[in-house]
Amino acid sequence: MEDFHGLIGLRRAFRAGKTRGIEWRMCQLRALLKLVSENEARFFEALEQDLGKHPVEAYRDEIGVLKKSADHALLNIKKWMAPKKGHLPLLLFPSRAEVLPEPLGTVLIFGSWNFPISLTLDPLVGAISAGNTVVVKPSELAPACSSLICQTIPLYLDREAIRVVEGGSDVADKLLQQQWDKIFFTGSPRVGRIIMTAAAKHLTPVTLELGGKCPVILDSFSESDLKVVVKRIVGGKWGPCAGQACIGIDYLLVQKKLASHLIESLKACIKKFYGDDVKSLQSICRIVNKNHFDRVCSLLEEPSVGASVIYGGSLDRENLMIEPTVLLDPPVDAPIMTDEIFGPLLPIITLDKIEDSIDFINARPKPLAIYAFTHNNKLKDQILQETSSGSVTFNDTMIQFICDSLPFGGVGQSGFGRYHGKYSFDTFSHEKAVLHRSFYLELEPRYPPWNDFKLEFIRLAYNFEYVGLLLLLLGLRRRYTSSRSH
Amino acid sequence: MGLEAEATVRELRAAYTTGKTKSFEWRASQLKATQKILTLHSDQIIQALRSDLKKPEFEAVIHEICVISASCKLALKELHRWMKPQKVKTSLISFPSSATIVSEPLGLVLVISAWNFPFALSLDPVVGAIAAGNAVVLKPSESAPTTSSLLAKLVEKYMDTSAVKVVEGAVAQTTALLHQKWDKIFYTGGSEVGRIVLNCAAKHLTPVVLELGGKCPAVLDSNINLKVAARRIIAGKWGRNNGQACISPDYIITTKHFVSQLVNIMSVELEKFFGKEPLQSKELSGIINTHHFNRLVKLLDDAQVSGKIVCGGERDVSNLKMAPTIILDVSRDSIAMDEEIFGPILPILTVDKIEECFGVINGKEKPLAAYLFTNDKKLEEKFVRNISAGGIIINDTILHFLEPGLPFGGIGESGMGAYHGKFSFDAFSHKKPVLKRGFAIDISTRYPPYTPGKRRFLSAVQGSLLDILRSLGSCW
């Protein structure tokens, strides 16, 4: 059998137990931190090359995220690896129960192109912490980052246990034909289906971090609060990779009467943050490639959509730049409102009352995140009870991504499984139940031949009716008979 | 068939959308309805299990009825606590903020059950799905038709059929159901169909729990209380559906010098449990159907196996009964050592040193459970650390299945996901993080235009308060 990219060696290394000890895992995590800090300038360069990402954005969304994850893992790994004691009923005395986390084995991580460093290497932190051997496949759509990851990883991390495989869909297909103990994928629902179908052949569990149309629900605000709200919305829409982000704001829902004031505020803020000339925009990424550029532009093609553009809309195909664009009430059945935008276009949908946003969201596939700006506790409760999404953030955007205590993942079409913090460790672990029993204190009713006494004993045992059991043993309790009628 | 399945799903989704299944009251009412089914119809359930599997009354009560009764009781007791949002700490990075994790139902759940514990393996996942607030379709196994039909009747009579339904049928009906869009699929059965389920789920990106099987090994060291060990193995193997269970000890590994003692004691205890004529014993379950009976006969009559029977081997084709059978040192590439036995045949493999068991077990697919009988603490620790299985029991068999504090599920070929106790509730929930932020502090370093000072600040914010204050000075 062909040894695809040394997979046999990785499996052998795992079976030999190389990756199990805490020392190996911590050593790899420290090496990853070293890799990042010693190559920071090169990472910035690669991100600039692939996406036009500014170093501040690159640090905030990529390098900083990775450092934070690795630090958090180093601080907590001993605790995470420790068995969890299981509470046992008196009946099973003397026994001891625990849940012991163990690595799954050899895992495959598919990175994504929009956050090509953090979305590729953050899952790696989890896989290493959990003690697995790993193959990482960065996205070929961010070639400079892919190449840099491929060059640096073997120099810092254990080559026998961690490999990087570069390439396009043909390489991905070949990887998917192999047998893995887990596949972690970040990307689109379309490719998610392909991954899961391939995984089904080997009964491989998967985590799929997909996307969706993440809405903002905007209630009414005082002028001073609105200033902050607008900054958070603008920063949350165009800040992460020019809108090319799975938890990026996709569209906004607001009450009709508040729309015009909102739009004016948005325009002012956009100009301040990014400038207003598509040829000289600052602090904003470009579109990743011509395919995606054309895809995003095509969302504006329909005349009724084009007519709804109220700000921006300028295009610079040569430099793959699209100006931050705002639309007001485009048709809800146009592709811009049915497909995930994944670009710098922000449709605003106006409603008679803000509560109508609940039905609007529920009529569409479950998103990865819902952002709701409101002080109204009743509305907050309604949103929580009546909508479903990967996560909900009140009065801010994006920031849930950096909270290590919160699980990050989707539901429905936005994916399943989760990671970040301990959830990363858990996602790459099997929680093995272990029960330790002794040979003393035998429970005779466990064994045939069966009789009514044994039946009643076990029936009481299941309900932990210790008093009943005592009475039964003392002969003071009526036994179960099968002819008992009701 | 497809249209019927579509209509069922549409109806359930409409019911789910009303929000009725999310309330505590609805969930509790359905759990109580399940308890009512058990209290008022236990005789019929016992009868159905006898009809489908010749299951002794004791096994029917203990392994099926009591299991559901205990699950309902636990869920009713704990439901308030399970449903409560869980407060979570937030860090300096998102200060000021507060966070909780809210458990919400996934929506529409499909439970596909198995034939060996056709009542318990149907209702136990359903109890979990209901406790978590979902609408449910249950597809019981067609290989246990009396139980399937009884389940359909009882669910119809006692439960809220707008949101909890039983769909009976065989391959065609199951396939039609699998082509619909579900929010979760819970399957108990074999790995071949498990792959089909996962493949269908992939089309809709539906998460699944697969409770499959495998060859669960039992390793016997020599310095043990052999009588107790033998009885626990017998109870776990033949006292439970006559070996037709996913966590039955499938084969034994022991040392060459110990095996004859083991075989002797097991023969003695087997006779105590099932009498001199086990085929006549009321304590022994039958084989489910002719297909499986013939499969087991083929396994026994295999040339590499037939001369190795050291106990049992009797069979009664007209009543589909097979006696507890022990086979000794069959070839490692015989069917008996290759496939999951799922029946009353127990191969014993002998090794020179007990440590050789690691090579044997790790050379096979990961099982749902692994059992070790030993008083050697070092061996115990090595076993727990180095054998990958769904669950491990030291010095006993099966019991972890009954312990709601332990997750029950497989790994690799033995499955994915887990349930029982709160793990059931979690398996059918989406754990939604909710982050609440305030407007009081809004740090401009988050926003463009980006400056080197802002980069320094962001870098420091992962450090100490002092780092942050130092860098604040250079931000503007």
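A:Cys246 touches A:Asn114, A:Leu210, A:Gly211, A:Gly212, A:Cys214, A:Glu340, A:Phe342, A:Leu368 and A:Phe408, leaving aside residues up to four places away in sequence (contact means heavy atoms within 4.5 Å). A:Cys246 is buried, with a relative accessible area of 13% (buried is under 20%, with a 1.4 Å probe and protein chains only). This is a predicted model, where local features need pLDDT of at least 70, side-chain atom pairs need 80 or more, and totals for chains, interfaces and linings use all residues. Residues are numbered from 1 along each chain, chains are lettered from A, and side-chain values use heavy atoms, without hydrogens or water.

## The annotated pair

The "active site" annotation in the unreviewed UniProt entry covers A:Glu209 and A:Cys246; such annotations may be inferred rather than shown by experiment. The two are spread over 38 residues of sequence, yet they cluster in space, with a largest C-alpha distance of 8.5 Å.

A:Glu209 is buried too, at 2% relative accessible area. Its contacts include A:Phe184, A:Phe408 and A:Tyr419.

## Where the chains meet

Chain B and chain A bury about 9000 Å² between them, 61% of it on carbon and sulfur atoms (the accessible area lost on being put together, 1.4 Å probe, summed over both). B:Leu205, B:Phe439 and B:Tyr450 supply 10% of what chain B buries against chain A, more than any other three residues.

Four salt bridges turn up across this interface (a Lys or Arg side-chain nitrogen within 4 Å of an Asp or Glu carboxyl oxygen). B:Glu380 and A:Arg96 also meet in a salt bridge, at 3.7 Å from N to O.

Note on methods: Buried < 20%, exposed > 50% of the residue type's maximum accessible area, 1.4 Å probe, protein only. Buried area = accessible area lost by both parts, 1.4 Å probe.
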